[in-house]
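Hi,

Here is the structure I promised to pass on. Have a look at it first, and then read my notes below.

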Amino acid sequence: MGDISGSHEVCLGVKDDHRHLPVCASKDSFFSFSVPFVQKLIAELFGTYFLIFAGCSSVTVNQNFDKVVTLPGISMVWGLAVMVLVYSVGHISGAHFNPAVTLAFATCKRFPWKQVPAYIACQVGGSTLAAGTIRLLFTGDQNKFTGTMPAGSDIQSFVVEFIITFYLMFVVSGVATDNRAIGELAGLAVGATVLLNVMFAGPISGASMNPARSLGPAIVWHKYKGIWIYLVSPTIGAQAGAWVYNMIRFTDKPLREITKSTSFLRSGERG
């Protein structure tokens, strides 16, 4: 079995001037945020650090101690880590922890482009620091690579990473940026999505869903085999997931007005 891993991130909504707006959709200038920009960067740095440290540590412990954590356990660690961090710092930085998510929000005009480089730098920095900490803690025979590598062919992992990141970003867009969704459940929904993705995709590709998650350990261990998959596929998948949700998002009309009937079933009967 290959390395089992995964990560994710979400942009939570907040109420501002009686409107429900996502934190990441702020259009304030660089120096005029309600929450100082430096605090957002710190939240992304430490949030990504704790996410990668928890998830990758579960992989290392599982490898070194007779598979005691198991695949379901590793999946739960990643999912729960995402959930608690979303609720902890989502109201500060949007809780991206993932360059693919940041770029997807930027292309959908829900995050300012000028903040993207700083966010990505903090996310990659947090991941690299977490991987470095793990390597310092587990030395000798316990020093195991915690990054992601394809278990099969490159194309297999590429497709799997695209699909699971698409699914993740679709869920993120639905529960965290649509004011018709129950925003308080965003962390739970996204964490559960990560858990599910890691459960079935972990043995195949490592279930990265996050360029920073794969790049940090690759830098620390100097292992870059297949790294292009984890930089390109999640980025494209997140873009596709965000844009597809945006295609089905918009409507201020009731369903009956859209379908010209109060029920699809009744419509079929009439036909």
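**Starting from Leu-41**

If you skip its neighbours within four places in sequence, Leu-41 is in contact with Ala-118, Tyr-119 and Cys-122. Keep in mind that this is a predicted model. Leu-41 sits in helix H1. Is Leu-41 buried or exposed? Its relative accessible area is 17%, and buried means under 20%, so Leu-41 counts as buried.

**The cores**

Next, the nonpolar core. The largest one has 47 residues, and the members that touch the most others are Leu-51, Trp-78, Met-169, Val-194 and Met-209. Which elements give two or more residues to this core? They are H1 (37-64), H2 (70-93), H3 (99-107), H4 (116-137), H5 (154-177), H6 (186-205), H7 (211-221) and H8 (227-249), each of them a helix. H1 gives the most, with eight residues. Apart from this core lies another, made of five residues, including Val-124, Ala-212, Ala-218 and Ile-227.

**Helix H7**

How many of its 11 residues are buried? The count is 10, so this helix is mostly covered. The buried ones are Pro-211, Ala-212, Arg-213, Ser-214, Leu-215, Gly-216, Pro-217, Ala-218, Val-220 and Trp-221. As for what they pack against, the partners are H1, H2, H3, H4 and H8.

Both ends of H7 have something to show you. At its start, a side-chain oxygen of Asn-210 comes to within 2.9 Å of the backbone nitrogen of Ala-212. Just after the helix, His-222 has a positive phi of about 55 degrees.

**H3 against H4**

Last, turn the model until you can see H3 and H4 together. Their axes come within 9 Å and cross at roughly 165 degrees. Angles over 145 degrees count as roughly antiparallel, so that is how H3 runs relative to H4. The crossing is right-handed. Which residues make the contact? From H3 they are Pro-99, Thr-102, Leu-103 and Ala-106, and from H4 they are Val-116, Tyr-119, Ile-120 and Gln-123.

Cheers

How values were computed:
Residues are numbered from 1 along each chain as its sequence is written. This is a predicted model: local features need pLDDT of at least 70, side-chain atom pairs count only at pLDDT 80 or more; totals for chains, interfaces and linings use all residues. Side-chain values use heavy atoms; hydrogens and water are left out. A nonpolar core is a set of buried Ala, Val, Leu, Ile, Met, Phe, Trp, Tyr and Cys residues joined through side-chain atoms within 4.5 Å. Buried means under 20% relative accessible area, exposed over 50%, partly exposed in between (1.4 Å probe, protein chains only). Helices (H or I, at least four residues) and strands (E, at least two) are DSSP runs, numbered from the N terminus. Contact means heavy atoms within 4.5 Å. A polar contact is a pair of N or O atoms within 3.5 Å; within protein, one must be able to donate a hydrogen and the other to accept it, and residues adjacent in sequence count only if both atoms are side-chain atoms. Axes are lines fitted to C-alpha atoms, for helices over the stretch in contact, and angles run from 0 to 180 degrees between N-to-C directions. Angles under 35 degrees count as roughly parallel, over 145 as roughly antiparallel, 65 to 115 as roughly perpendicular and the rest as oblique. A crossing is left-handed if the near helix is turned anticlockwise from the far one by less than a right angle, and right-handed if clockwise.
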